[in-house]
Amino acid sequence: MRKACLYRSAAVFAIMAAPAAAQDLRGSAANQPKDATQAASPNTADIVVTATRRSERLSNVPIAVSAFGQAALQNSGATDIRQMTQIAPSLLVSSTGSEANASARIRGVGTVGDNPGLESSVAVFIDGIYRSRTGSGLNDLGEVERIEVLRGPQGTLSGRNSSAGAISIYTKLPEFKFGGMGEISYGNYNAVRAQGALTGPIVKDLLAFRIDAVASRRDGFLTDVVNKTDFNNRDRYFVRSQLLFTITPDLAIRFIGDYTRRDEQCCGAVYVDTRQKVDPTPGAPGDYAISTANPITGILRSLGAVLPSDGDPYNRRIAQTAGRAYSNLTTDGGLSMRVRWNLGATQLTSLTAYRDYKSGGAGDMDYSNVDLIYRPDDGNNYRQFKVFSHESRFSGTILDNKLDWLIGGYYAHENLELVDNLQFGAQYGAFAACRAVLSINPSAALRNAGNPGCLSTAGRAALTAGIGPIAVQAIDRLSTLNNLGSLRDVYRQTSENFAFFTHNIYRLTDRLNLTVGLRYTNEHKTLAAGFNNNNTVCPAQQGALRSLLTGNNATLRSVAGGIVTLSCIGNSTAALTNVALGDQIREGQLTGTGVISWKPVTSTLIYASYARGYKAGGYNLDRSDLSETVLTTPPASSVSNLRFDAETVNAYELGLKYSSRQFTANVAAFRSEFTNFQLNTFNGTNYIVQNIGGCDKPLNGADRDNSNTTGACMGKVGKGLVTQGVELEVGMYPTPDVTVNLGYTLTDANYAHNLVGSKAGEPLSPALFLLPGAQMSNAPRHTVTSSIGWTPAIGGNGMRALFYVDGRMTSDYNTGSDLFAEKMQDGFFLMNARVGLRGDEQSWAVELWAQNLLDTNYQQVAFSAPFQGAGSQSQVQAFGSPNFAAANSLFTSFLGEPRTYGLTLRTRF
């Protein structure tokens, strides 16, 4: 009923006050002279963009924005936003635990990980409609008119705000001339992709339609040697239908309906480091040594583990538990209505949309064939977003065209439901018991994975004498923790967001403009969560070991704490069943921008800008964050521990743009200062979410120690992350059929010193001890992109050849947000290429293509293998004995795609 009411309200508003430029729903303000924005440019790459919600040539827009038309995207083979990184030097997009989950970064900054409670620092818009999470942009997009990458905080131009930047995708409009296209590609890994589009009039000059459809299938890049199957495959289809009503020359309405279905087994991970690191010189920090063997891999192998990628991760071989295959069915669909009405000197633009996104996440969560943890495919694991949004903008020019004004309002209502059923596997108890015995005494002679408590006869005798029967009985009990855990945990988060914004350009002279923009955002989030868990081992352990946990014997306290932790990891306990959590937060934030731009000559634009950005706070939708330890069951009141604060940024930029017939150059120097930066970190057992800020009082190294109680800020908390650098984009067009593009980004994205983990100044998590003063993760200091295209004429009948190659080179960077040494990625170079023949006006085309032509090996994200050991080389080097005398954690990684190649046939009519 609520949805129906919203649709009726939107329809009434569209009829009464709908916005649209009749033939082009992205036109300029109603009374702005066309030649001011869309006059022919001497450079074909100087395309018309709407980054400022006005149609302007790219060279005239006083913000840092990269725009890519259909030809550039097609040549590079980009069918989703992740593949755009090949030609956009300041953009990095990676996917992790599922193709439905992705992280986009601009100038090194983005939101990390698979936690749906965090909104993206880089907003994604498709045809003006905000997509609530970046993963939706990994869908096939159909035919695209252009994609714009806006760098820096956004919010005074459109409905949804973002703190690091935005990606705006504009698909092709319906046309009143009948036409269409068809394309089919075949490549290695049995890749098949078919795409088609059809457009034309339904009622002449009044109603036009367009239908786009894409279907693609491909074998996986990873081979499961146990189950004899492949993972990271592709099986998806997409359809988008549109209607365009041009009611009058000044009034048009565009309806869009789209639906995507992806049913893929993703994402497998390979082992990249299984070595144990030890402290060779206790008391002398900074060094480490490699053990001859890692006892964790020994325990796994004693339980039947196969580690096919051990020592060679790029053989792309994995081993998964039988019957635990991934089930990642993702559906994403929605309806939207965009209307624009020119009312004399004023233009009214309206966007109304409803979207429903759902993604399943069943599968083997330990990435091995030992059954440690899994999510069963029983319908009780998914994340679902249902979002209604509406945006209205008024714009025009007054004062004899000196003031170009825009005001608008935005409303969004989002229902997020996260359902989880993470359970301990059939072999978890034996593995956990072996880990407990190992932590007490490393001698392999004491362990036997086939016995209760993983104790050999000698081990049982030795441990009973050493730690007593209560602790030994607890280890026995731990070994029974199999096929227990969450049955259906439900997190329901409701977000209501409204905002008012204005963006105004005043022409001080014919060549000097002043831009002022403001935005007020109000965010209200509520959380309701409940749990259904059958892990009865956890409360039994807490009760049985209470005397040791509260006793005076430090050794027994440590042993008991370790056993309880392994029994209750992530607050998995039957004691939480039917415990209801409820909380709410409300925020209001004023942000804005100021720009002064000057054109000393027609070909050159110089600008300086300031912007303040904001990203709302929210909830870490992970029960593990309810308490710092699992020694006791957290009460319902601990729900406040799931909160994280809003993120804000102050951004400064100085830029220059030059455009001529044969040369373009864009240069920008930038600095962005983030306060309460929202950082999501997976530590091998659970997600940690902290707001990274800098204390104005010295912490004397307490933010770099191994304690979670030291390092609180007694002063003011300010910026915790600063990213600064230079961007350069150059285009050269010596002849009409030769195009050369070069891009370079220098990004110095460093955390501040004296870091804390919240706005209130709470201590930084000891897992993040490497952050102070360090380069942030997934932020290469140097990125270089290049592309060369040549389309020489073949004969005199309009046929042309195509020769195209592009490349992207990045310097070293760390892929883990905790910056552990095992997660480093060396610098690498990727190359794409395409050659072909095209008919007159591209009526047909035959193309051979390759992506990652050189078959470069690289990883997207490395992480600690869930539950498989503890400690990193970095901790051994920093702290050493006794707490980190050895680090035996295994590390796994989501790899980048290998070389793919194939043939494409295309026709247009």
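**Asn706**

I looked up Asn706 and placed it in the loop between strand E38 (687–695) and strand E39 (717–735); helices (H or I, at least four residues) and strands (E, at least two) are DSSP runs, numbered from the N terminus. The model is predicted, so I note that local features need pLDDT of at least 70, that side-chain atom pairs count only at pLDDT 80 or more, and that totals for chains, interfaces and linings use all residues. Residues are numbered from 1 along each chain as its sequence is written, and side-chain values use heavy atoms, with hydrogens and water left out.

Is Asn706 buried or exposed, or in between? I find it partly exposed, because its relative accessibility is 30%; buried means under 20% relative accessible area, exposed over 50%, and partly exposed in between (1.4 Å probe, protein chains only). Leaving out residues up to four places away in sequence, Asn706 touches Pro766, Phe879, Asn883 and Phe884, where contact means heavy atoms within 4.5 Å. Pro766 is 60 residues from Asn706 in sequence, but the two C-alpha atoms are 5.0 Å apart.

**Cis peptide bonds**

I listed two cis bonds. The peptide bond from Ser881 to Pro882 is cis, with omega near 5 degrees. Pro882 sits in the loop between helix H10 (873–878) and strand E49 (886–887). The peptide bond from Cys266 to Cys267 is also cis, with omega near 10 degrees, and Cys267 belongs to the loop between E17 and E18.

**Positive phi**

Most residues other than glycine have a negative phi, and most peptide bonds are trans. Leu819, not a glycine either, has a positive phi of about 65 degrees. Leu819 lies between strand E44 (813–814) and strand E45 (824–825), in the loop, and counts as buried at 11% relative accessibility.

I followed strand E17 (residues 251–264) next. Ten of its 14 residues are buried, so I put it down as mostly covered. Strand E16 (residues 234–248) pairs with E17 in the antiparallel sense over twelve bridges; two strands pair if DSSP finds at least two bridges between them. E16 and E17 make a hairpin with two residues between them, and Leu243 stands opposite Phe255 in E17. E17 also pairs with strand E22 (residues 328–343), again in the antiparallel sense, over 14 bridges. Here Gly257 stands opposite Leu335 in E22.

**The sheet with E18**

In what order do the strands of the open three-stranded sheet come? I read E18-E50-E48, with antiparallel pairing. Strand E18 (270–273) and strand E48 (859–864) are at the edges with a single partner strand each, so one side of each has no neighbour in the sheet. Neighbouring strands of this sheet are turned by 40 degrees against each other on average, direction ignored. Axes are lines fitted to C-alpha atoms, for helices over the stretch in contact, and angles run from 0 to 180 degrees between N-to-C directions. E18 and strand E50 (residues 891–895) run antiparallel and are joined by three bridges. Asp273 has Phe891 as its bridge partner in E50.

**Helix H5**

Which residues of helix H5 (residues 457–467) are buried? I find Gly459, Leu463 and Ile467. They span an arc of only 25 degrees around the axis, which puts them on the same side of H5; the arc is that of the directions from the helix axis to the C-beta atoms. Thr457, Ala461 and Ala465 are exposed, on the face of H5 turned away from its buried side. The cover over the buried residues of H5 includes helix H4 (428–440), helix H6 (469–478) and helix H9 (554–568). Gly468 follows H5, and its phi is positive, near 95 degrees.

**Helices H7 and H9**

I then checked helix H7 (residues 537–544) against H9. Their axes come within 8 Å and cross at roughly 165 degrees. H7 and H9 are therefore roughly antiparallel to each other, a term for angles over 145 degrees. Val537, Cys538, Gln541 and Gln542 in H7 meet Ile563, Val564, Ser567 and Cys568 in H9.

Notes: Parallel < 35°, antiparallel > 145°, perpendicular 65-115°, else oblique.
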